[in-house]
4 protein chains.
Amino acid sequence: MSDTGPADARRRFSLRTSRMEGFSDGIFAFAATLLVLDLVIPAVTSKDVGHRLAEQWPTYLAYLVSFATIGNAWLYHSVITEYLDRADAILYRLNLALLFFVSLLPFPTHMLAEYLSNQGDERIAVTIYGLNLLAISGFIAIVWHYALWQRLVTKDNSEADVRALTSKLDPSLVSYAVVIGIGLWRPGVAVILYLVIALFMIIPFRTVLLELRRRRRA
Amino acid sequence: MSDTGPADARRRFSLRTSRMEGFSDGIFAFAATLLVLDLVIPAVTSKDVGHRLAEQWPTYLAYLVSFATIGNAWLYHSVITEYLDRADAILYRLNLALLFFVSLLPFPTHMLAEYLSNQGDERIAVTIYGLNLLAISGFIAIVWHYALWQRLVTKDNSEADVRALTSKLDPSLVSYAVVIGIGLWRPGVAVILYLVIALFMIIPFRTVLLELRRRRRA
Amino acid sequence: MSDTGPADARRRFSLRTSRMEGFSDGIFAFAATLLVLDLVIPAVTSKDVGHRLAEQWPTYLAYLVSFATIGNAWLYHSVITEYLDRADAILYRLNLALLFFVSLLPFPTHMLAEYLSNQGDERIAVTIYGLNLLAISGFIAIVWHYALWQRLVTKDNSEADVRALTSKLDPSLVSYAVVIGIGLWRPGVAVILYLVIALFMIIPFRTVLLELRRRRRA
Amino acid sequence: MSDTGPADARRRFSLRTSRMEGFSDGIFAFAATLLVLDLVIPAVTSKDVGHRLAEQWPTYLAYLVSFATIGNAWLYHSVITEYLDRADAILYRLNLALLFFVSLLPFPTHMLAEYLSNQGDERIAVTIYGLNLLAISGFIAIVWHYALWQRLVTKDNSEADVRALTSKLDPSLVSYAVVIGIGLWRPGVAVILYLVIALFMIIPFRTVLLELRRRRRA
């Protein structure tokens, strides 16, 4: 709706980032919270409750991986918007595609939990799940690279910051692609690896290390 | 509640747009995410899982169309609030009517998914669905034309911008009306056409074209 | 947590209103959207779908009344925060009590829809529903009167504005109390009256009238 | 993603608090509203509806405790962000861990409601529920102490304010730990005590007292 002519092209592209942030925060928050609906309370049976809960481990594992992945995606998204100076019409659309896959995640998560203990079906469930994780990671990287390419990022960031963010986003894509491959042979192992990737991206090992080193010197 | 006398009529009408944006972002985000609850995981049967998932195509199609429509409505809504300088008591109400139909959409979506493969019922389901889409589009246009009429839009927009937004909103109403008519004869075709309309409105063909042309010249 | 001594009492009470607005917008938006989950799709039977949908009228009526009430409560809440200059610790708590009853509303709404066509039970369902509506209206009035009493409202509002808001909030309490009484004899009539109250509070009759008169003169 | 070197370490840590607030408000609001889905409407039976509703008391009690706890956690969280000047990468992660336990709460709440009237199972349900409450309280305290330690809080707060917040957060941890212990012997009593803790933290006894005293003197 903002495409009338090349003359005022530059100004027309400028959109505040506040609506994009508000809508994204909403989708991330609901998708993360909706996951809890999949956690099934085992019915009262003769078995003791601890045993019954333990039987639900695939549900809990799927919940944990999905929450960690959405939390992680939000973290990176919030760092990107931190650098964003303004948005344009195409960035809004790319962001919408990212949010589509974020809000879709509860579905493969539910499927994963349902099929994880079922021999024949878990392979396809884990693969679909992995493709969704890859799509989320992929669109975060696309949003970031598009913003860099179109110079929508604010000027007062050092080159080092930009490289640091890029250096974390791009390898995650490769990791997801590799684990999707592993999942075709070993579905259970792949789910564990998805958790490892999410936790590895969430925990800021180097920041903690550098901070500790800095404090020891000071 | 802001109607005590004509003397201070102008000032009383001024409301910040921030609450309207926050509440709208919430409803848009939640309605979009709620759709995922309708995606049914097929029960484990003797058929293989790929086949079972494929049988659910009406659900997935309905999900896709509804998400694209809500995403699209949010896009236009955020462009409108971008231009908005302030809101007034009536704009708040018109916006509320828009949000009513946005938050209602999961219901006809669910009905569509349920009835789409059922001969007799799909006609009425597709018609109700189309009317909901038309209502969303209609109220976005009403909100926009009301804001223009009451001069609530900020001054520093070019006439071209305003015409560009109008030139996209108004034809969409005609398209929806036409497709609702088509749906009475060919319900399945209508659903595909609703997806086409949403994608056509989301993808900024002219922006991309103009941007590419501008870059080639630069 | 902000109660250490009378010396800095005034400053300690000052809280930004932004978090209160964000959290309130979230609760209002989710409660309004959650209502849609109660709209039941009638199962495919031999009866035609139009007939089956028509049988669900109590559900649709309850949905409409609840959405209108929540939308209305949000409208008044956003006007109140428009006047708010700052918040204090007690206003935050009163607002929390209001949000409790807003987020509770889907429950009596569901009960109303379930019991509305059932002779013996509809009386208690309508009464509980009315008490919830009364609590929402009551806490909006309490939040508003508390803010006036503690002079948390911004200075640049005319006395007329403040009286206008008060003159709409307080009668609504009386209306709800009266209709709860009516509901004990005529449950069905009460539900219709709740819709009338909500619509009457939403539609700014006087504003529209005054605006039309102003325009005719200009 | 912001860990490239010690040189620009200080600046890199600065993140706006607005995204963190928006995402947190979303999760808090959604978790609080989602609880309402657990309130079951008793099916129409020969018993009268008042009796049927009364039988659901564990559900209503669990709902009340969880809403009060989430509301309370939001209150303290909003006071913390009131003092926050900026955020850093680690604070974002600690906040994410807090939000994990907030969005998880509907699950043990549901379990509590399901098992509360069941002799053998209620002990484990109450214990898991208590651990979740402890985790929420614990991470709020961790977020607060981390912000103090890293001097992320704004300078213009008095020492008294900071001590006041700390003096309420830390005892709550001890209370939860004690009540978890009590719950192993007396599950029902523990649930009541969790409600007492939440209400005790919500109601600002000292603020009210001091305010009344101040007004009497003025």
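The largest pocket in this predicted model has a volume of about 760 Å³. Here a pocket is an open set of points on a 1 Å grid over the protein atoms alone, with protein on both sides within 12 Å along at least five of seven lines; the volume is the space filled by probe spheres set on the points. Of the 28 residues lining the pocket (an atom within 4 Å of a point), Gly22(A), Ser18(B), Gly22(B), Gly22(C) and Gly22(D) sit closest to its centre. Helix H2 (18-34) turns up in chains A, B, C and D, each time giving the lining at least two residues. Helices here are DSSP runs (H or I, at least four residues), numbered from the N terminus. By class, the lining has 14 charged, 12 polar and 2 nonpolar residues.

Over in chain B, helix H6 (residues 106-115) is mostly covered, with 8 of its 10 residues buried (under 20% relative accessible area, 1.4 Å probe, protein chains only). Among them are Phe107(B), Met111(B), Leu112(B) and Tyr115(B).

In chain C, helix H5 (residues 89-104) packs against helix H6 (residues 106-115) at an angle of about 30 degrees, their axes 5 Å apart. That makes H5(C) roughly parallel to H6(C) (angles under 35 degrees). Val102(C), Ser103(C) and Leu104(C) of H5(C) meet Pro106(C), Phe107(C) and Pro108(C) of H6(C), where contact means heavy atoms within 4.5 Å. This contact has 5 nonpolar residues, 1 polar and no charged.

Residues are numbered from 1 along each chain as its sequence is written, and chains are lettered from A in the order in which they are written. Local features need pLDDT of at least 70, while totals for linings use all residues, and side-chain values use heavy atoms, leaving out hydrogens and water.

Note on methods
This is a predicted model: local features need pLDDT of at least 70, side-chain atom pairs count only at pLDDT 80 or more; totals for chains, interfaces and linings use all residues. On a 1 Å grid over the protein atoms alone, a cavity is a set of points where a 1.4 Å probe fits but cannot get out, and a pocket is an open set with protein on both sides within 12 Å along at least five of seven lines; lining residues have an atom within 4 Å of a point. Ala, Val, Leu, Ile, Met, Phe, Trp, Tyr, Cys and Pro count as nonpolar, Asp, Glu, Lys and Arg as charged, and the others, Gly among them, as polar. Buried means under 20% relative accessible area, exposed over 50%, partly exposed in between (1.4 Å probe, protein chains only). Axes are lines fitted to C-alpha atoms, for helices over the stretch in contact, and angles run from 0 to 180 degrees between N-to-C directions. Angles under 35 degrees count as roughly parallel, over 145 as roughly antiparallel, 65 to 115 as roughly perpendicular and the rest as oblique.
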